[in-house]
Amino acid sequence: MAREECKALLDALNKATACYHHLVLTVGGSADSQNLREELQKTRQKAQELAVATRAQLTAALRDRGLGAEERAEFERLWVAFSGCLDLLEADMRRALALGTAFPLHAPRRPLVRTGVAGGAAGVAARALSARSLRHEAEGDFDVDDLRELEREILQVSEMIHDMEMKVNVPRWTVQARQTAGAELLSSAGASSVGTVSVQERTGPCDLSKALAATVFSAVLLAAVALAVCVAKLS
């Protein structure tokens, strides 16, 4: 039960982190707005809540001395995946801080950069937060206050990563993957090749009949053209 719960928490954290990464890419672009900054704030706070819950579950499991070897190996793999996800979240938070500082909302003389990413991002954030909609609450100094809060949250995430390394010592290079590198790509390529062969086998007789019909139609068309030319000459 603990392993399944950790997997569910980690999956939710991955989704929230991916959503936050997507939103950060739009800061400073043509789709930037106060609504986007609020979505960024809510999404990163949701990701941090999931990170705290995941860390608590994994730490308790890995510090259990009665854990079996197979179970411990599985929890160590989850721990490494969680550490990587937390590193990505911290990097995106630092990127959001830099972009938010460079492109303040209430500075009309500072032109925004067209990043090529446009369109509403409320749907993505709403799915990550399991909410129907994100309300826009206008505040004059929202971005300034949010940047200060973001700085504090970056320090908290950094302390979380350091605390993880101190409490649980799981070197990443000692954790073995459950399958060889590129196994998913090879399996998908094999499946696609088998599907192609099966489609060709099914469509083989149909293609021959189509070719025969095209040949007969061409012969009839040529005969009709020749007959028309002969009639034109006789007339």
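A residue is called buried here when its relative accessible area is under 20%, and the views below, all taken from a predicted model, begin with residues of that kind.

**View 1. Helix 1 and its buried residues.** Helix 1, which runs over residues 2–24 and so has 23 residues by the count given for it, spans 33 Å from its first C-alpha to its last, close to the 33 Å expected at 1.5 Å a residue.

**View 2. Helix 1 beside helix 3.** The axes of helix 1 and helix 3, the latter covering residues 69–102, come within 10 Å and cross at roughly 20 degrees. Because angles under 35 degrees count as roughly parallel, helix 1 is described as roughly parallel to helix 3. Their crossing is left-handed, and the contact between helix 1 and helix 3 holds 16 nonpolar, 3 polar and 6 charged residues.

**View 3. Helix 2 beside helix 5.** Helix 2 (residues 34–62) and helix 5 (residues 142–167) have axes that come within 11 Å and cross at roughly 15 degrees, and the two helices are therefore roughly parallel to each other. Helix 2 passes helix 5 in a left-handed crossing.

**View 4. The residues where helix 2 meets helix 5.** On the side of helix 2, the residues in this contact include Q34, R37, E38, R44, A51, V52 and T59, while those of helix 5 include F142, D143, L150, V157, M160, M164 and K167. By class, the contact of helix 2 with helix 5 has 7 nonpolar, 6 polar and 10 charged residues.

Methods. Residues numbered from 1 in each chain as written. Predicted model: local features only at pLDDT ≥ 70, side-chain atom pairs only at ≥ 80, totals over all residues. Heavy atoms only, no water. Axes fitted to C-alpha atoms, helices over the stretch in contact; angles between N-to-C directions. Helix = DSSP H or I, 4+ residues; strand = E, 2+ residues; numbered from the N terminus. Parallel < 35°, antiparallel > 145°, perpendicular 65-115°, else oblique. Left-handed = near helix turned anticlockwise from the far one by under 90°. Contact = heavy atoms within 4.5 Å. Nonpolar A, V, L, I, M, F, W, Y, C, P; charged D, E, K, R; others polar. Buried < 20%, exposed > 50% of the residue type's maximum accessible area, 1.4 Å probe, protein only.
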